[in-house]
Amino acid sequence: MSMNDPLGDMLTRIRNAQMRGKTTVRTPASKLRAWVLDVLRDEGYIRGYENVVSAAGHPELSIELKYSSGEPAIREVSRVSKPGRRVYAGVKEIPQIRNGLGISVVSTPKGVMTDANARAANVGGEVLCRVF
């Protein structure tokens, strides 16, 4: 997989690790990835994450996955805005996921946040991914 889409790569790693029932998964570190993980942690989709260094000396994020009674907390995670097709939404167009049961992660001028927080802050931005 080419690394033109680092965020998409991280989401795929999370998806694959959960299908295998793993408790942690590692992904190369970046600010954007950490910001998205902050949102996932605050919304209860992951236990947390920490900065670690790989055997080769590269900074990585070790993500602690969350399960409830054996089921992954993240049932579905999908990339919305892709490198080839960016998706931007004004504050009024930000999509609601499953009537608010899920979240959209939006990159706004005020930071990376959930769709609900973006609406509350009255900002739109790039719709990075959606999770439920």
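Colleague: Which residues in α2 are buried?

Modeller: This is a predicted model, by the way. In α2 the buried ones are Arg33, Ala34, Val36, Leu37, Val39 and Leu40.

Colleague: What makes a residue "buried"?

Modeller: Its relative accessible area has to be under 20%. Those six names, from Arg33 to Leu40, pass that cut-off, so they count as buried.

Colleague: Why do residues three or four places apart point the same way in an α-helix?

Modeller: An α-helix has 3.6 residues a turn, so places three or four apart end up pointing the same way.

Colleague: How do you know that the span of helix α2 agrees with what it should be?

Modeller: Helix α2 has 12 residues, 31-42, and at 1.5 Å a residue they should span 16 Å. Its end C-alpha atoms are 16 Å apart, so the two agree. Just after α2 comes Gly44, with a positive phi of about 85°.

Colleague: OK, zooming out. How many helices and strands does the chain have?

Modeller: Three helices and 10 strands. From the N terminus they run α-β-α-β-β-β-β-β-β-β-β-α-β.

Colleague: What makes the radius of gyration of the chain agree with a compact globule?

Modeller: With 132 residues, a compact globule would have a radius near 14 Å, and the chain has 15 Å, so that agrees. Its C-alpha atoms fill a box of roughly 45 × 35 × 25 Å along the principal axes.

Colleague: And how much of the chain counts as buried?

Modeller: 44% of the 132 residues.

Colleague: What about contacts between residues at least 6 apart in sequence?

Modeller: Of those, 59% join residues at least 24 apart.

Terms used:
Residues are numbered from 1 along each chain as its sequence is written. This is a predicted model: local features need pLDDT of at least 70, side-chain atom pairs count only at pLDDT 80 or more; totals for chains, interfaces and linings use all residues. Side-chain values use heavy atoms; hydrogens and water are left out. Helices (H or I, at least four residues) and strands (E, at least two) are DSSP runs, numbered from the N terminus. The radius of gyration is taken over C-alpha atoms; the globule rule is 2.2 Å times the number of residues to the power 0.38. Buried means under 20% relative accessible area, exposed over 50%, partly exposed in between (1.4 Å probe, protein chains only). Contact means heavy atoms within 4.5 Å. The expected span of a helix is 1.5 Å times one less than its number of residues.
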